Amino acid sequence: MTRKFLSLLAILYGLIYFFYESWYHLNFGQSVLNLSIDYLAIILLLMAGTVNLKASNGEGLLCGAWGFTACLMMRAYAWRHEAAGLGIEESKVMSLLIFAIAVSTVAFAASLILSFSGRQK
């Protein structure tokens, strides 16, 4: 049950992340390098979620995707937090990042536990 939930959450999170990140890029023009790193996280989430729904041994891939995404969200928040003179739009992004950090960190912790419990079966 937990494996299926984390897989579906990864797919949903990846799709929402894709649409939001694409919108942000088109409206605010972030660099292609930053966009490619975000798209890497999205691909990992979508691939891990899909593989884990079809196979019974994809917990490690799911854990890696959630771990990478959690670290990326924390780094994005830290960069904005350290930057001086954030505009109103960036403040909104920071609020969204707090939520993204919470979801991805909890999902990472759950997938890590799932990964270790799956090895003992």
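1. A word on confidence to start: pLDDT is the predictor's confidence in each residue, from 0 to 100. This is a predicted model, and the mean pLDDT of the chain comes out at 86, with 91% of its residues at 70 or more. Going element by element, H2 has the highest mean pLDDT (93), while helix H4 (residues 88–119) has the lowest (83). I'd keep that in mind when reading the points on H4 below.

2. Now for H2 itself. The helix has 23 residues and spans 32 Å from its first C-alpha to its last, close to the 33 Å expected at 1.5 Å a residue. Its buried residues are Leu35, Asp38, Ala41, Ile42, Leu45, Ala48, Gly49 and Asn52. In an α-helix there are 3.6 residues a turn, so residues three or four places apart point the same way. The partners that the buried residues of H2 pack against are helix H1 (2–28) and helix H3 (59–82).

3. Have a look at Asn52, which sits in helix H2 (residues 32–54). Its relative accessible area is 0%, so Asn52 counts as buried, the cut-off being under 20%. What does its side chain pair with? Beyond its neighbours within four places in sequence, Asn52 is in contact with Arg3, Ser7, Gly58, Glu59 and Leu62.

4. Take Val93: Tyr24 and Val93 are 69 residues apart in sequence, yet their C-alpha atoms are 9.6 Å apart in space.

5. Last, the largest pocket, which holds about 750 Å³ of space. It is lined by 25 residues, and the closest to its centre are Glu21, Asp38, Met73, Ala76 and Leu97. H1, H2, H3 and H4 are the elements that give two or more residues to this lining. Which of them supplies the largest share of the lining? That is H1, with eight residues.

Note on methods. Residues are numbered from 1 along each chain as its sequence is written. This is a predicted model: local features need pLDDT of at least 70, side-chain atom pairs count only at pLDDT 80 or more; totals for chains, interfaces and linings use all residues. Side-chain values use heavy atoms; hydrogens and water are left out. Helices (H or I, at least four residues) and strands (E, at least two) are DSSP runs, numbered from the N terminus. Buried means under 20% relative accessible area, exposed over 50%, partly exposed in between (1.4 Å probe, protein chains only). Contact means heavy atoms within 4.5 Å. The expected span of a helix is 1.5 Å times one less than its number of residues. On a 1 Å grid over the protein atoms alone, a cavity is a set of points where a 1.4 Å probe fits but cannot get out, and a pocket is an open set with protein on both sides within 12 Å along at least five of seven lines; lining residues have an atom within 4 Å of a point. Grid points are joined across faces, edges and corners, and a volume is the space filled by probe spheres set on the points.
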